[in-house]
Amino acid sequence: MPSPYRTIFAAPGSRGFSAAGLFGRMPLSMLGIGVVTMISQLTGRYGLAGALTATLAMAAAVFGPQVSRLVDRYGQRRVLRPFTLVAVAAVAGLLICAQRGAPDWTLFVFAAAAGCVPSVGSMVRARWAAIYRSSSRELHTAYSWESIVDEVCFIFGPIISIGLSTAWFPEAGPLIAALFLLVGVFWLTAQRATEPVPHPKSLHTGGSALRSPGLQVLVATFVATGAIFGGVDVVTVAFAEESGKKAAASLVLAVYALGSCLAGAVFGLLHLKGRPATRWLVGVCAMAVSMIPLLLAGNLPLLAVALFVAGISVAPTMVTTMALVEAHVPRTKLTEGMTWTSTGLAVGVALGSSAAGWVVDAAGAKAGYAVPVAAGALAAAVAFLGYRRLAKPVPTGGRGEDERHLRTEDDERVA
């Protein structure tokens, strides 16, 4: 029996746009942690580093859905290229100001402008959705594959970013991240054959995709989930520095991503039945519980083990989230809907990294892990409260309504 992953790549052009997506998503794991490393080296101020990362993430939260909304209307090539050039120019301005010791406000201005970076992961997943919209099994595998790609970025991205910034010069990590973005987006948008066709303007009615009750639950939960990720990144760098091994932070964070990557690879091989909403709820709760051991880790090896275990629940939850977005968002707004989940993560990363930076400055690195623990508890609470919205099927113009009808009776029993 052929591998499900081999099957999905039988589609013409799929290898090319997925590879381009890998390059374009590297800044997702490199830019924020690169800014933290750069500012901490140049100024020693983790509070400022966390605030800048928060500004970058919050700006991405504002601009990201709007960029994707334009993509749904006008296509990826016409929209992504100009916004990418603006983002790269803003990153360049941020690095120059940091290197020259410019006033703090200039750093925040450029960090905010850099937030218009496109959500490349959403663009790639939209291409998979266009190819396998009528096949839920292949689409599940495709989303699992892209989750693996995400985690590959988070395995190697921090290593590259922190490693270059500590071994070469402080600005090296964010600089290389900007170059990855430029190459990835222009390579992706050069592949016109697999680009989803924009829907006619007459179909873009009803306002934002965020009006969907199910998407609101996903986004709200992902705000708390992003706070987990943002807190873990900042505190781990500080924890490694307190241990006298700051460069090891990239390896520890890579272990976190490795756990998620392996889990995502296995998850994509499974032919799952039952309610996606239930799997999603279990995944969110597992992420929350997995944060507790971080408070008990007294050294870097133990921390790495705890983060590896914590990572196991990440990719399956993300894959299920994308399936739920497709089930609750109109087809004409799919890219925007996927980006809203990324936006929720970005807002959470902003809040989590900022809060963690201040806790580290005030009470030390180990105390900082209370931030992701609290964020995990909040994510689980929101997921429980919003479960009924996700369990209820809705017409979206997506793949067969018959499949949703078959799930209705089971969903109603749970609700």
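Helices here are DSSP runs of at least four residues, numbered from the N terminus. Keep in mind that this is a predicted model.

Is Thr-341 buried or exposed? Buried means under 20% relative accessible area, so Thr-341, at 1% relative accessibility, counts as buried. Leaving aside residues up to four places away in sequence, Thr-341 touches Leu-215, Val-219, Phe-222, Thr-321, Met-322 and Val-325.

Our next stop, Ser-14, belongs to helix H2, which covers residues 14-43. Ser-14 counts as buried because its relative accessibility is 0%. Again setting aside residues up to four places away in sequence, Ser-14 touches Ile-8, Phe-9 and Trp-128. With Phe-9 there is a further detail: the side chain of Ser-14 reaches the backbone oxygen of Phe-9 at 3.4 Å. Looking along the chain instead, Gly-34 is 20 residues apart from Ser-14, and 30 Å separates their C-alpha atoms.

**The space inside**

How many cavities of 30 Å³ or more does the structure hold? There are four. The largest cavity has a volume of about 1,200 Å³, and 50 residues line it. Lying nearest the centre of the largest cavity are Leu-28, Ser-29, Phe-154, Leu-345 and Val-349. Several elements give two or more residues to this lining, among them H2, helix H3 (46-74), helix H7 (136-167) and helix H14 (334-363). By residue type, the lining of the largest cavity divides into 29 nonpolar, 16 polar and five charged residues.

**Cysteines without partners**

A disulfide is a covalent bond between the sulfur atoms of two cysteines. Here a pair of cysteine sulfur atoms must lie within 2.5 Å to count, and by this rule the structure has zero disulfides.

| Cysteine | Nearest cysteine sulfur | Distance |
|---|---|---|
| Cys-116 | Cys-97 | 16 Å |
| Cys-153 | Cys-261 | 10 Å |

Are these two cysteines buried or exposed? Cys-116 counts as buried because its relative accessibility is 4%. Cys-153 is buried too, since its relative accessible area is 1%.

Conventions. Residues are numbered from 1 along each chain as its sequence is written. This is a predicted model: local features need pLDDT of at least 70, side-chain atom pairs count only at pLDDT 80 or more; totals for chains, interfaces and linings use all residues. Side-chain values use heavy atoms; hydrogens and water are left out. Buried means under 20% relative accessible area, exposed over 50%, partly exposed in between (1.4 Å probe, protein chains only). Contact means heavy atoms within 4.5 Å. A polar contact is a pair of N or O atoms within 3.5 Å; within protein, one must be able to donate a hydrogen and the other to accept it, and residues adjacent in sequence count only if both atoms are side-chain atoms. On a 1 Å grid over the protein atoms alone, a cavity is a set of points where a 1.4 Å probe fits but cannot get out, and a pocket is an open set with protein on both sides within 12 Å along at least five of seven lines; lining residues have an atom within 4 Å of a point. Grid points are joined across faces, edges and corners, and a volume is the space filled by probe spheres set on the points. Ala, Val, Leu, Ile, Met, Phe, Trp, Tyr, Cys and Pro count as nonpolar, Asp, Glu, Lys and Arg as charged, and the others, Gly among them, as polar.
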